[in-house]
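This report describes selected local features of a two-chain model.

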Amino acid sequence: MQSVNITFTNPDNRGHFGIYGGRYVSETLMPLILSVERAYRLAKSDPMFINELSYYLNNYVGRPSPLYFAKNLTRAFGGAKIYLKREDLNHTGAHKINNCIGQILLAKRMGKQQIIAETGAGQHGVATATVCALFGLKCLIFMGATDIERQKPNVYRMKLLGAEVRAVTSGGATLKDAMNEAMRYWVTNVNDVYYMIGTVAGPHPFPTMVRDFQSIIGKETRMQIMIAEGRLPNYLIACIGGGSNAIGLFHTFLNDKDVHMVGVEAAGRGLQTNKHASSLNGGMPGVLHGNRTYLLQTTDGQINEAYSISAGLDYPGIGPEHAWLHDIGRVNYVSVTDDQALDAFQQTISLEGIIPALESAHAISYAKVISRDLSLDHLIVISLSGRGDKDVPTVANLLADGYS
Amino acid sequence: MSRISEKFTTLKNENRAGLITFLVAGDPDLVTSQAILDGLSMAGADMIEIGIPFSDPMADGPIIQASSLRALIAGSSVSNTLKMVQIFRKKNTITPIILMGYYNPIYIYGVVKFCIEAKVSGVDGLIVVDLPPEEAEELIKPAKDQCVDLIFLATPTTDNIRLPLILEYTSGFIYYVSITGVTGACSASICDIADAVTSLRRYTTLPVAVGFGLKSSNQVMAVGKIADAAVVGSAIVQKLADCLTVDNRPKSDLVKNVLHFVNELATNLQLTVNLK
């Protein structure tokens, strides 16, 4: 184990966080991925790019997103002061757009004609389709047939935005399979296509680049909590599928050793069942989708299907930086079941008048657990990564069926 | 001299290109798959590539994806793949065997253990599709220690900066992927392939095998004029799939039909004089 006095900055120049990350892709994609890395390196130090990015974040996405003191949840949880970082108030309703604005500006600089993306819950698909509409680029979204069925409103939104949504029927027909199919399309149309990966996973530079675009969440939070409370929070809590909203919130605070961080994975029906999506707590290191990270897999190295009530957490892997932060113990990774998330979902609606995404409800649920042992002089910031309007039909069905 | 080098020397002496055939280990079941493997050399395959099945074959088109899935359902695995090679080697000590797969099953099996057991089983070469030379350090040494050839891929997107890196770690032969795409997709024009092979030869004296998108005897013969070997995968696997019942059981003529198809390809290729 490495010392805890690490400065948390960047991976090595080939994208490794410890043994995780890297670039495990076929040779056909390698030159292209290297060109994305070069283009990104130039862009991030170009004032024109930075100005354009902030322009769209401020005027189109609606940043900064508020840091809201949730007094009713605070009272109900009976412990620490609860703040919600309101990524649900962003244009398109989730944190995903932060990354999409950044990557589409990069794709434009690279002269790409077509954008492709994978999506699970449809939030990244909607955000991608949105920026493609804005910048007039062709958009093709790969989505598992199972997810298309359970996220119909988002599928229709993507189509209205002018995107083609391609149903993926291979495997379990969810996010992992959509990602396989997107990579196959990419390798076939390597010169014209830009693959807009939606989370902090995939081959380098994607995990780092997506993190950089999402780290605005933590940067704003730091300023906002200093204004509100005059000090840093004691806890940061975020849900984790691939982990982009979590790393976005955490990254700026990694060197503040008094700030505790908790990443909440989806325990689905429970870690003891095989119906969960907890790669760190129920998986082991392996190689998939261009990076080495923790994966849900068999002892033969075959990848298992993940399961969660929330389509956005339903992925058998996790971003490589999280895998590393887990191993060195900087971030604590826990898991929350479907039932617990559903409780938190309802409680947030009834107490705060906010419909959280089922993904974000996992983070809220865990805040409830730790808040009990804390007092009002402790501060918890929860990433409310998205709004739950998309989940209303799912929840209505579950509650009608007597779920819980 | 390794079996692979010996084979290429023989081919050179015969003034022809070799036929490399592909099958996924355990498709549609272990017994049928073994029967195909055992018959391939007699049917005319000069070298045999065996795919290690993987749940997420990102570089493969629908035909080999389906094949991989059938193999997994039939209980195939890394250890079964090695066992198939052991059984094959009891009767055939000449035909080179190359395992082709994705990194995760090998990584989980244990890279060193895998290389040792592969060698003992009679494997001669290894292609790991999603392991570019930059990430291959942990496999390069164990493979070299066991004298198993590690074969990296060159593609139409590989530039002159990357090519030397690929060649530095490649032994046995260099595998040229003739298209940008997944296995079994559309075919490249023979002119483009010829140009690519010519430019590869400026950088290496290793034999060049061409694969991806070769479906017909005509394409194989055309490649046979310019490269040292032609790889046929999806077309053979499709023949196999054509001989399955609706519940993926082999019809009685499956092995015969697959081997007959391979024999046709091989016969035509053997009549083709290598012009290089």
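## Strand S9 of chain B

B:Ala230 in S9(B) is the bridge partner of B:Val210. The model is predicted: local features need pLDDT of at least 70 and side-chain atom pairs count only at pLDDT 80 or more, while totals for chains, interfaces and linings use all residues. Residues are numbered from 1 along each chain as its sequence is written, chains are lettered from A and ligands numbered from 1 in the order in which they are written, and side-chain values use heavy atoms, with hydrogens and water left out.

Strand S8 (residues 208–211) of chain B pairs with S9(B) in the parallel sense over two bridges; two strands pair if DSSP finds at least two bridges between them. Strands (E, at least two residues) and helices (H or I, at least four) are DSSP runs, numbered from the N terminus. Strand S1 (residues 18–24) of chain B also pairs with S9(B) in the parallel sense, over four bridges. There, B:Leu19 has B:Ala230 as its bridge partner in S9(B).

In strand S9 (residues 229–232) of chain B, B:Ala229 and B:Val231 point one way and B:Ala230 and B:Val232 the other, and all are buried. Buried means under 20% relative accessible area, exposed means over 50%, and partly exposed lies in between (1.4 Å probe, protein chains only).

## An open sheet in chain A

Four strands of chain A form an open sheet in the order S7-S6-S5-S8, with parallel pairing. Its edge strands are S7 (164–168) and S8 (193–195) of chain A, each of which pairs on one side only. From one strand to the next, the twist averages 25°. Strand S6 (residues 138–144) of chain A is joined to S7(A) by five bridges, and the two run parallel. A:Phe142 stands opposite A:Arg166 in S7(A).

Helix H5 (residues 123–135) of chain A packs on the sheet and touches strand S5 (114–119) and S6 of chain A; its direction makes about 165° with that of S5(A). Helix H8 (residues 175–188) of chain A also packs on the sheet, touching S5, S6, S7 and S8 of chain A, and its direction makes about 160° with that of S5(A). Axes are lines fitted to C-alpha atoms, for helices over the stretch in contact, and angles run from 0 to 180 degrees between N-to-C directions. Contact means heavy atoms within 4.5 Å.

A:Gln114 is found in strand S5 of chain A. Is A:Gln114 buried or exposed? A:Gln114 counts as buried because its relative accessibility is 9%. Leaving aside residues up to four places away in sequence, A:Gln114 touches residues including A:Lys138, A:Leu140, A:Tyr185 and A:Tyr194.

## Backbone geometry

| Residues joined | Omega |
|---|---|
| A:Arg63 and A:Pro64 | about -5° |
| A:His204 and A:Pro205 | about 15° |

A:Pro64 lies in the loop between helix H2 (47–61) and strand S3 (67–69) of chain A. The place of A:Pro205 is the loop between S8 and helix H9 (206–214) of chain A.

A:His289 is not a glycine, yet has a positive phi of about 50°. A:His289 sits in the loop between strand S11 (284–288) and strand S12 (290–295) of chain A, and is buried at 0% relative accessible area. B:Asn248, also not a glycine, has a positive phi of about 60°. B:Asn248 is partly exposed, at 38% relative accessible area.
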